[in-house]
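Hi there,

Here is the structure I promised to pass along. Have a look when you get a moment, and my notes follow below.

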Amino acid sequence: DLQSTRARARTGPRLGCVSFRLSLSKEEGRASLTSASGQVKMSRMRQRIAERLKQSQNSAASLTTFNEIDMSSLMAMRTKYKDDVLKTHGVKLGFMSAFAKAACIALREIPAANASIEGEGSGEQIVYRDFVDLSVAVATPKGLVTPVVRNAEAMSFVEIEQAIVDLGKKVRLRLRSLELGWLRCSTDHAH
């Protein structure tokens with residue numbers, strides 16, 4: 001069912017689902033789920049490749065690469081608009097929103113990068129997403145936390161900056177409220 005599929009997509013691993021349309025056919029008297037992309041059953045070969053890649057990811061060292069880019073036009077745009085944005089919207093225009101928008105564009109252009117493998121064992125389906133939920137690093141007195149900016153692909157630079165500021169405030173307030181308690185009760189028996 002569409003609601004449970006979307007709920008699973010929202011709670012699954014975040015790489016950033018596909019827009020689904022539910023159409024009711026009066027002639028056929030049934031509902032059909034249509035989409036340009038969506039869940040695709042993986043072949044046995046792809047399941048094995050995914051399993052091996054995950055094993056490799058869990059056991060091998062990771063490599064981070066750096067690329068130099070010309071940010072002069074971004075810096076000029078920021079310099080030109082930062083005061084107006086601060087005055088009009090009450091938020092600083094930083095670089096994070098530009099990086100977030102670039103990531104959203106890249107994930108749109110390469111749908112496989114915005115997908116996750118879900119199912120039993122190593123996974124049986126690839127779930128493609130048309131939304132981008134971005135984790136952003138927020139500094140707190142207890143260290144970095146990474147709250148999620150939901151649907152970043154639909155936001156402007158200013159909206160992304162505002163979302164980051166709002167999430168930072170919520171995270172710091174939440175941590176502060178946790179520090180104020182003298183008695184902690186938990187129903188989480190899983191850990």
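The expected span of a helix is 1.5 Å times one less than its number of residues. Please keep in mind that this is a predicted model. Helix H4, residues 96-109, has 14 residues, and its first and last C-alpha atoms lie 20 Å apart, close to the 20 Å expected. Its buried residues are Ser97, Ala98, Ala100, Lys101, Cys104 and Leu107. On that pattern, residues three or four places apart in an α-helix point the same way, because there are 3.6 residues a turn.

Now to the charged pairs: how many salt bridges does a search of the whole structure find? There are 3.

Lys41 and Glu124 meet through their side chains at 3.6 Å, N to O. This pair links distant parts of the chain, with Lys41 in strand S3 and Glu124 in the loop between strands S4 and S5, 83 residues apart. Lys41 counts as exposed, at 57% relative accessibility, while Glu124 is partly exposed at 30%.

Arg129 pairs with Glu118, their closest N and O atoms being 3.1 Å apart. Here Arg129 sits in the loop between S5 and S6, and Glu118 in strand S4, 11 residues away. Arg129 is buried, with a relative accessible area of 5%, and Glu118 is buried too, at 16%.

Finally, Arg150 forms a salt bridge with Asp133, at 3.0 Å between the closest N and O atoms. Arg150 lies in the loop between strand S9 and helix H5, and Asp133 in the loop between S5 and S6, 17 residues apart. Arg150 is partly exposed at 40%, whereas Asp133 is buried at 3%.

Best wishes

Notes: Residues are numbered from 1 along each chain as its sequence is written. This is a predicted model: local features need pLDDT of at least 70, side-chain atom pairs count only at pLDDT 80 or more; totals for chains, interfaces and linings use all residues. Side-chain values use heavy atoms; hydrogens and water are left out. Helices (H or I, at least four residues) and strands (E, at least two) are DSSP runs, numbered from the N terminus. Buried means under 20% relative accessible area, exposed over 50%, partly exposed in between (1.4 Å probe, protein chains only). A salt bridge is a side-chain nitrogen of Lys or Arg within 4 Å of a carboxyl oxygen of Asp or Glu.
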